[in-house]
Every structure is written in C-alpha cells, then in structure tokens.
Amino acid sequence: KHGGSIDKFLGDGILASFGALRACDTCCSDALRAMDEILADYRTWAEDPVLQQVSDNALGLALSYGEVVFGPIGDGNRLEFTVIGSTVNLSAKLEKHNKAIGSRAIISKPAYDAGLVQGYQPVTSPVEQTVHVEGLSGALDVLVHFPGPGERQT
C-alpha cells in the first residue's frame, strides 16, 4: 500500500524495503507511513481471536535509511530479490533492540529526518533517545515508539 517491497519472510518477521526495487523520492516517508499503519492496526489484534494468538508475541519494528546492495540472487531454479549491506544490518539490530528497551518501533534519526523532508506528517510523537545497541560501537540517535496505555509491553 505504501510502495514497499517484501524481501523475505524470516520466521515470525518480515524484511521490506522502500526505494530499492524502484527509485523513489519518498522512500522514508512511505516507510514511516507504513510503520504508523502497522502500529495502529496492531492495537486491534487483541480484539480478533485468531490475531490475538499472534499479538501475544510482541511487535517490534525498525527503520533505517541508507545505501543498500540489491538485486537478484540464486539460480535458474530459485531466484530471489534481496537487499544487503550495513543499512539492512542496522535495521536488524534496531529490531532486536526493541526487546531491550520495551519499545514497539525504533527509527534511526537519519531515517526520521529524511521522512520529514519528504513530507511525512507524524501521527504520534516518538521519543527521541540516544541508545547503545548491541553489536554497534558508540551511541546512536533514534526515535522510539513505546506501547500505548493499556497495551502489552514487549
């Protein structure tokens, strides 16, 4: 809906990219709108008996922004599109960091700032923090969405 491309299903996770498959001047704002919609939808999962089973496993989203290497990988029997690189690795580390700080979503500051420049209008106000993420040297400035009132913590 927001122009992203699903790269992989990873067990209980999904890797999606915005602007890698097709050039796009609004990749960060599109990704942030997708994130907002996922967060809003997630809050309704407890109302559905089937989705409630999934909602008991906390949601953790992450967004980073930067260059990636992308393209097809495989052979004639199995060919897939994929993205790799430090930007993808950062997103994976941020997603895991959600559990460490009890958040629903972590956005790198460069991704958030780029989204604002691209016309993103925040629907909520994430909390700006400086965090130390396992596997990264130094501190990182991020914006964080924490669970809302009455919502289950991660």
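Let me start with Leu59, which is buried, at 13% relative accessibility. Leu59 sits in the loop between H2 and S3. Take Lys8 as a reference point: 51 residues separate Lys8 from Leu59 along the chain, and their C-alpha atoms are 17 Å apart. Keep in mind that this is a predicted model.

How confident is the prediction? The protein chain has a mean pLDDT of 86, and 93% of its residues reach 70 or more.

Now the overall layout. The protein chain contains four helices and eight strands. Read from the N terminus, the order is β-β-α-α-β-β-β-α-β-α-β-β. Of the 154 residues, 36% count as buried. Taking contacts between residues at least 6 apart in sequence, 59% join residues at least 24 apart.

Next, the strands around S6. S6 pairs with S3 in the parallel sense, over three bridges. One of the pairs there puts Leu61 with Ala105 as its bridge partner in S6. S6 also pairs with S8, this time antiparallel, through four bridges. On that side, Ile106 stands opposite Val144 in S8. Which way do the side chains of S6 point? Ala105 and Ile107 point one way, Ile106 and Ser108 point the other way, and all are buried.

In general, nonpolar side chains of soluble globular proteins tend to be buried together. Here the largest nonpolar core has 18 residues, and those touching the most other members are Leu32, Met35, Leu39, Leu61, Leu63, Ile107 and Tyr112. Helix H1 (27-42), strand S3 (61-63), strand S6 (105-108) and helix H4 (109-117) each give two or more residues to this core. H1 supplies the largest share, seven residues. Ile107 is worth a look by itself: leaving out residues up to four places away in sequence, Ile107 touches Leu32, Met35, Leu63, Tyr112, Val142, Leu143 and His145. There is also a second, separate core of seven residues, and among its members are Ile106, Val131, Val133 and Val144.

Now H4. Which residues of H4 are buried? They are Ala111, Tyr112, Ala114 and Gly115. These residues lie on the same side of H4, because they cover an arc of only 165° around the axis. As background, an α-helix has 3.6 residues a turn, so residues three or four places apart point the same way. The buried residues of H4 pack against H1, S3, S6 and strand S8, residues 140-145. Just after H4, Gly119 takes a positive phi of about 100°.

Last, Ser17, in strand S2, residues 13-17. Is Ser17 buried or exposed? Ser17 has a relative accessible area of 9%; the cut-off for buried is under 20%, so Ser17 counts as buried. What does Ser17 touch? Not counting residues up to four places away in sequence, the contacts of Ser17 are Gly4, Ser5, Phe81 and Val83.

Note on methods
Residues numbered from 1 in each chain as written. Predicted model: local features only at pLDDT ≥ 70, side-chain atom pairs only at ≥ 80, totals over all residues. Heavy atoms only, no water. Core = buried A, V, L, I, M, F, W, Y, C linked by side-chain atoms within 4.5 Å. Buried < 20%, exposed > 50% of the residue type's maximum accessible area, 1.4 Å probe, protein only. Contact = heavy atoms within 4.5 Å. pLDDT = per-residue confidence, 0-100. Arc of directions from axis to C-beta. Pairing = 2+ DSSP bridges.
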